[in-house]
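Reader: I have a model open and some labels to check. Can you take me through them?

Author: Gladly; here it is.

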Amino acid sequence: MGERKGVNKYYPPDFDPQKHQSLDKYHNTHPLRERAKKIHLGILVIRYEMPYNVWCEGCGKHIGMGVRYNAEKKKVGNYYTTPIYQFKMKCHLCDNYLVMETDPKNCEYKCISGVRRKNQKWDMEENEQIVPEDKEELKKRAADAMSNLEHGVNDKKKSSLAMPTLGQLAEAQSGWHDDYQQNAMLRQTFRAERKKIEANSTADAELLSKSSLDIDILAEREEDKELAALMKYNVVKCMYTYFC
């Protein structure tokens with residue numbers, strides 16, 4: 001509907017190009033239609049996408065990154081010559097309003113009111129990744145020879161501890177260089193497992209047909225064998241032969 005209005009080529013009979021200049025002025029409307037209903041206040045309605053995961057302070061619900069809202073955009077200041085914009089939108093889960101601003105200094109968005117950022121920081125040490133050295137530590141090592149020597153000794157210790165693990169990884173990966181051999185091993189394993197499953201299914205079907213049962217038979221375990229071997233059954237003789 002908006003596109004149809006934007007490309008409307010019908011000019012009414014009383015349209016005067018010198019007086020009206022455009023169809024928007026003739027109809028007393030803005031080219032951006034409903035999006036510019038508060039343009040006199042410096043507010044423009046745009047489609048805003050949540051830059052990161054946040055929590056709504058009104059209902060306490062989680063709002064994922066990428067959720068889109070119709071937000072009111074306005075300019076609230078400048079960082080040097082870069083404008084700072086504020087976005088105000090209504091939560092889709094409650095009546096709370098979320099207010100966010102651009103932060104040109106840190107190249108990100110700030111939560112102003114009604115919303116709280118969800119802290120999701122990647123810990124490189126926890127995930128066993130190489131942590132880059134701090135600049136202060138590099139300056140200290142460059143100025144202090146003893147610190148540089150101590151750091152070198154620690155690196156050698158870490159390297160000696162990691163060598164067995166690296167050797168095991170290299171040995172494990174060396175057997176997967178041949179794609180054909182890898183595929184053949186996988187197919188052989190799958191073929192053996194399939195034959196085993198088919199044999200067990202056939203045996204279970206024969207047992208159920210003999211016993212006239214309609215139950216699910218579980219796989220046999222070593223614990224069941226040991227428990228069955230420990231069980232003993234005693235035959236009790238009847239005292240009254242006539243009734244037995």
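This is a predicted model: local features need pLDDT of at least 70, side-chain atom pairs count only at pLDDT 80 or more; totals for chains, interfaces and linings use all residues.

Reader: How do you know how the reach of helix 6 compares with the expected span?

Author: Helix 6 covers residues 179–211, which is 33 residues. The expected span is 1.5 Å times one less than the number of residues. For helix 6 that gives 48 Å. From first C-alpha to last, helix 6 reaches 48 Å, so the reach is close to the expected value.

Reader: Is Tyr80 called buried or exposed, and why?

Author: Exposed means over 50% relative accessible area. Tyr80 has 72%, so Tyr80 is exposed. Tyr80 lies in the loop between strand 4 and strand 5. Its phi is positive, near 60 degrees, and Tyr80 is not a glycine.

Reader: What makes Cys107 exposed or buried?

Author: The relative accessible area of Cys107 is 72%. The cut-off for exposed is over 50%, so Cys107 is exposed. Cys107 is found in the loop between strand 6 and strand 7. Its phi is positive too, at about 60 degrees.

Reader: Why are strand 4 and strand 5 called a pair?

Author: Pairing takes at least two bridges. Strand 4 and strand 5 have 7 bridges, so they pair, in the antiparallel sense. Lys75 stands opposite Tyr85 in strand 5.

Reader: What makes strand 1 and strand 7 the edges of the sheet?

Author: The open sheet has 5 strands in the order 1-4-5-6-7, with antiparallel pairing. Strand 1 and strand 7 each have a single partner strand, so one side of each is left without a neighbour in the sheet. From one strand to the next, the twist averages 40 degrees.

Reader: Which residues touch the most other members of the largest nonpolar core?

Author: Met50, Ile63, Met89 and Leu98 do, in a core of 16 residues. Strands 1, 2, 4, 5 and 6 each supply at least two residues of this core.

Reader: How do you know what Met50 touches?

Author: Contact means heavy atoms within 4.5 Å. Leaving out residues up to four places away in sequence, Met50 touches, among others, Ile63, Met89 and Leu98. Val67, Tyr69 and Met100 are also among the residues Met50 touches.

Reader: How much of the chain is buried?

Author: Buried means under 20% relative accessible area. Buried residues make up 14% of the 244 residues in the chain.

Technical notes: Residues are numbered from 1 along each chain as its sequence is written. Side-chain values use heavy atoms; hydrogens and water are left out. A nonpolar core is a set of buried Ala, Val, Leu, Ile, Met, Phe, Trp, Tyr and Cys residues joined through side-chain atoms within 4.5 Å. Buried means under 20% relative accessible area, exposed over 50%, partly exposed in between (1.4 Å probe, protein chains only). Helices (H or I, at least four residues) and strands (E, at least two) are DSSP runs, numbered from the N terminus. Axes are lines fitted to C-alpha atoms, for helices over the stretch in contact, and angles run from 0 to 180 degrees between N-to-C directions.
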